Amino acid sequence: MARTVKQKPPPALTADPMPIRVDPCVATLVDKPPAGPAWAFEVKWDGYRAALHIEPGRIHILTRGGHDWTDRFPSIAADAPTLGATTAIIDGEAVVLDEKGRSDFGLLQRALGRRPGVHGPGEILLFAFDLLYLDGRDLRRLPYAERRHHLEQLLVGRDGAIRLSEEVDADGAEFFRVACDLGLEGIIAKRRDAPYRSGRRPEWLKIKCVRRDAFLIVGYEPSSLPGAIGRLLLAARKEDGFVYVGGCGTGWTYQESAMLREVLNSIPADKPAVTLARKGPFFCRPMLVADIEYRAWTQDGKLRHPSFKGVREMEGPAEVYEIRVAEAGHS
């Protein structure tokens, strides 16, 4: 039921000093969501961790490492005074959303000016998921469920640059399945009864969506290590040919890398299987397929965080991942 009155936590008899900086609570990576009513769930946002500090006449936004990025998040800083808090510390994630409403780290980097793009700093949003301090009271000692209640009261109904990271009332396993189907990075689980503690904590868990598909090996870039591979060059099927989907540089031992390089050296290509404007790669004949785990696709059709899991001979083009034309901009 919608709340119509914003309620602030009762003021302490003696105001708690406002921390200059709070080391963030960091979620522990696990393989599957926890079960039971003790846990709350929300989307795992793909951006920069940010702490919004509100003081009389002063707004500043700190990164996870403590750097002041207020000037880089102008829309968030401009929206902060409208919250109605005299003093506050809000924990959240600075993101840019794609056309489907999903956070996209590549779009965020472009908005920050690291790559050219159509997105600007004014499109950066803060999805708030915890409230550490409010109007003279340090809330970190409170259970997460109480902190969450006060955060909701502060942000209810807002659709500006500072928004509430919605809690999802669902079974963790089912929510995780749906999140992965939607192309999200994963989910976060938090114990409702836990206070806020800095550092990597078991009270906060992150469960990432991981995909696994087969991609054609079209070549490699040499490693700085003698005889090893720096990056495998990978391709997917598209219409009647193949298209480059990025490189993979992790997931193998030195010995495995050296052995694979020897195999690829033995099957040099007369003509590259894909068009690739890179200097110094070795192209091989399209005969081998790599099993690759990855988290998602980037906006420009490349694998995000790929990891090598194995190699085999290609028995036919159909076993290689296919990009359908209708999937342009796929996730």
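What follows is a chat about the labels used for this model.

Mentor: Before you start, this is a predicted model, where local features need pLDDT of at least 70, side-chain atom pairs count only at pLDDT 80 or more, and totals for chains, interfaces and linings use all residues. Residues are numbered from 1 along each chain as its sequence is written, and side-chain values use heavy atoms, with hydrogens and water left out.

Trainee: What makes up the secondary structure of the chain?
Mentor: There are 5 helices and 19 strands. The C-alpha trace spans about 80 × 40 × 40 Å along its principal axes.

Trainee: Why is His-53 called buried?
Mentor: Buried means under 20% relative accessible area, exposed over 50%, and partly exposed in between (1.4 Å probe, protein chains only). His-53 has a relative accessible area of 1%, so it counts as buried. His-53 sits in strand E3. Leaving aside neighbours within four places in sequence, His-53 is in contact with residues including Met-18, Ile-20, His-60 and Ala-88, where contact means heavy atoms within 4.5 Å.

Trainee: And what makes Gly-247 buried or exposed?
Mentor: Its value is 16%, and the limit for buried is under 20%, so Gly-247 is buried. Gly-247 lies in strand E14 (residues 241–248). Not counting residues up to four places away in sequence, Gly-247 touches Arg-231, Leu-232 and Pro-306. Arg-231 is 16 residues away along the chain, yet the two C-alpha atoms are separated by 5.4 Å.

Trainee: How many of the chain's residues count as buried?
Mentor: Of the 331 residues, 50% do. As for contacts with a separation of 6 or more, 69% of them are between residues 24 or more positions apart.

Trainee: How do you know what span helix H5 should have?
Mentor: The expected span is 1.5 Å times one less than the number of residues. H5 (residues 254–265) has 12 residues, so it should span 16 Å, and its end C-alpha atoms are 16 Å apart, which agrees.

Trainee: Which residues of H5 are buried?
Mentor: Ser-257, Ala-258, Leu-260, Arg-261 and Leu-264. Down the axis of H5, these buried residues fall within an arc of 165°, so they line one face of the helix. The arc is taken from the directions from the helix axis to the C-beta atoms. On the other side, Gln-255, Met-259 and Glu-262 are exposed. The buried residues pack against several strands, among them E12 (211–222) and E13 (229–238).

Trainee: What about the buried residues of helix H4?
Mentor: In H4 (residues 172–181) they are Gly-172, Phe-175, Phe-176 and Ala-179. Their arc is 100°, so they also line one face of their helix. Their cover includes E2, strand E9 (167–168), E10 and E11.

Trainee: What makes a space a pocket, and what a cavity?
Mentor: On a 1 Å grid over the protein atoms alone, a cavity is a set of points where a 1.4 Å probe fits but cannot get out. A pocket is an open set with protein on both sides within 12 Å along at least five of seven lines, and lining residues have an atom within 4 Å of a point. Grid points are joined across faces, edges and corners, and a volume is the space filled by probe spheres set on the points.

Trainee: What lines the largest pocket?
Mentor: There are 25 lining residues, and Lys-44, Trp-45, Arg-49, Arg-64 and Glu-93 lie nearest its centre. The volume of this pocket is about 530 Å³. Strand E11 gives the largest share of the lining, 4 residues.

Trainee: How do the residues of that lining divide by class?
Mentor: Into 11 nonpolar, 2 polar and 12 charged. Ala, Val, Leu, Ile, Met, Phe, Trp, Tyr, Cys and Pro count as nonpolar, Asp, Glu, Lys and Arg as charged, and the others, Gly among them, as polar.

Trainee: How many cavities are there of 30 Å³ or more?
Mentor: By this rule, 2. The largest holds about 110 Å³, and E3 supplies the largest share of its lining, 4 residues. The second largest cavity has about 40 Å³ of space, and E11 gives the most to its lining, with 3 residues.

Notes
Helices (H or I, at least four residues) and strands (E, at least two) are DSSP runs, numbered from the N terminus.
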